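Here's a quick tour for anyone opening this structure for the first time. Have a look at the model, then work through the notes below it.

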Amino acid sequence: MTLKKKDIIREVRRYLLILFGCAVCGVGINLFILPANLLTNGLGGIAILLYYLAGWPVGMQILVYNLPILYLAHRFMGRRYAVDTILGTFLFSLGIDVFSSLSSLHPVQDTMLNAIFGGVVSGIGYGLIFRFGSNTGGVDVLGAILKKYWSIDVGTGVFLLNMLVIAASAALFDLETALFTLVCIYATAELTNRWAAGFNREKAIFIISEESEKIGDAIMESLHRGVTYLEGRGGFLQEKKDVAFVVVSLTQLARVKAICDRYDKNAFLIIANASEVRGRGFSRERILYQFAQRREMIEAREKEKDGE
């Protein structure tokens with residue numbers, strides 16, 4: 001099956017963004033982490049540790065350590081996952097060694113600032129890599145394999161490996177440097193999660209009320225957000241419950257609460273964070289609900305169903 005031009009453009013764009021993410025990681029590690037004698041998490045931390053001890057190139061080490069893991073990715077996770085893993089690992093390793101000359105600049109002298117900005121910059125790079133479907137190998141691949149076939153969570157193993165890296169930092173340098181390494185690892189993890197999941201923090205709201213239809217109409221009319229009606233049943237008395245579900249931006253949350261109070265002060269609201277919302281009305285064109293035509297549209301749809 002041949003790929004369409006649009007699909008090819010999308011794939012090229014995806015790989016260019018993965019390449020950019022790897023370059024950002026390389027800049028962050030060489031510009032902030034290495035000059036301050038800090039470490040990163042996972043296999044990268046071990047590679048950086050041996051760089052301090054023996055002067056071995058960090059990127060080349062990461063690539064070598066990942067060779068058996070890349071084989072496992074191809075063996076157990078399928079061709080597409082293996083290709084993305086191999087590409088991400090190779091570009092990540094290349095990005096670190098290509099920008100290795102930046103480590104001699106040492107633009108920031110304060111260790112805390114190096115830990116924070118090293119974690120932030122490299123976290124942004126990791127987030128871009130993960131957001132567009134690739135990874136940098138290491139324990140993430142092992143975790144994916146174990147979770148797929150044996151439902152084993154490797155979070156504890158990853159945590160212990162990071163603690164080993166921090167202990168090695170304390171032994172090689174001092175306790176203060178090890179604590180700064182912990183700060184760097186935390187900043188990296190936080191920014192990775194933010195960039196991988198997206199920054200458009202929306203609010204997903206479940207509204208349980210006898211006036212849910214009136215509330216939903218008011219939300220669609222005033223906020224121009226789509227509402228989905230769900231059928232529920234109370235667990236205590238087994239009575240029928242009407243539920244309205246809507247996703248709004250953070251700035252619209254107060255208006256939704258005001259609408260609920262207007263029609264039913266006893267309405268039960270469940271408000272949750274939605275890390276990323278895509279589709280018509282959010283990442284695509286906004287729908288403007290024309291309520292003057294709504295009844296005619298509903299009646300036309302019912303006639304179509306009756307005609308069938």
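Before we talk about who partners whom, one ground rule: two strands pair if DSSP finds at least two bridges between them. Also keep in mind that this is a predicted model.

- Four strands make up an open sheet in the order 2-3-1-4, and the pairing is antiparallel.
- Strand 2 and strand 4 (268-274) are at the edges, each pairing on one side only.
- On average, neighbouring strands in this sheet are turned by 20° against each other, ignoring direction.

**Who pairs with whom**

- Strand 1 (residues 202-208) and strand 3 (residues 240-248) run antiparallel and are joined by six bridges.
- Which residue of strand 3 is the bridge partner of Ile 205? That would be Val 246.
- Another bridge links Ala 204 to Val 247 in strand 3.
- Strand 2 (residues 227-233) is also antiparallel to strand 3, and here seven bridges do the joining.
- Over on that side, Gly 232 sits opposite Lys 241 of strand 3.
- Strand 2 and strand 3 also form a hairpin, with six residues between them. In the turn, look for Gln 238, which has a positive phi of about 60°.

**Helices against the sheet**

- Helix 9 lies across strand 1, strand 2 and strand 3, and runs at about 165° to strand 2.
- Helix 10 (residues 253-263) packs on the sheet too, touching strand 1, strand 3 and strand 4. The direction of helix 10 makes about 10° with that of strand 1.
- How far apart are the end C-alpha atoms of helix 9? They are 16 Å apart, which agrees with the 16 Å that its 12 residues should span at 1.5 Å a residue.

**Helix 1 meets helix 4**

- Two packed helices are described by the angle between their axes and the distance between the axes.
- For helix 1 (residues 5-33) and helix 4 (residues 79-98), the axes come within 8 Å and cross at roughly 35°.
- That crossing is right-handed.
- Residues of helix 1 in the contact include Glu 11, Tyr 15, Cys 22 and Ile 29, while the helix 4 side includes Arg 80, Asp 84, Leu 91 and Ile 96.
- Sorted by class, the contact has 10 nonpolar, four polar and four charged residues.

**Two histidines with positive phi**

- His 106 has a phi near 50°, a positive value in a residue other than glycine. You'll find His 106 in the loop between helix 4 and helix 5 (111-131).
- Is His 106 buried or partly exposed? With a relative accessible area of 24%, His 106 is partly exposed, because buried means under 20% and exposed means over 50%.
- At 23% relative accessibility, His 224 counts as partly exposed.

- Ile 29 belongs to helix 1, and its relative accessible area of 2% makes it buried.
- Ile 29 and Ser 122 are 93 residues apart in sequence, yet their C-alpha atoms are 6.5 Å apart in space.
- What does Ile 29 contact, leaving aside neighbours within four places in sequence? Its contacts are Leu 34, Pro 35, Ile 48, Phe 92, Ile 96, Ser 122 and Tyr 126.
- Thr 136 sits in the loop between helix 5 and helix 6 (139-150). Thr 136 is buried as well, with a relative accessible area of 10%.
- Setting aside neighbours within four places in sequence, Thr 136 is in contact with Asn 66, Gly 88, Thr 89, Phe 92, Tyr 126, Ile 129 and Phe 130.
- Phe 92 and Tyr 126 turn up among the contacts of both Ile 29 and Thr 136.

Technical notes:
Residues numbered from 1 in each chain as written. Predicted model: local features only at pLDDT ≥ 70, side-chain atom pairs only at ≥ 80, totals over all residues. Heavy atoms only, no water. Axes fitted to C-alpha atoms, helices over the stretch in contact; angles between N-to-C directions. Left-handed = near helix turned anticlockwise from the far one by under 90°. Contact = heavy atoms within 4.5 Å. Nonpolar A, V, L, I, M, F, W, Y, C, P; charged D, E, K, R; others polar. Buried < 20%, exposed > 50% of the residue type's maximum accessible area, 1.4 Å probe, protein only. Expected span 1.5 Å × (residues − 1).
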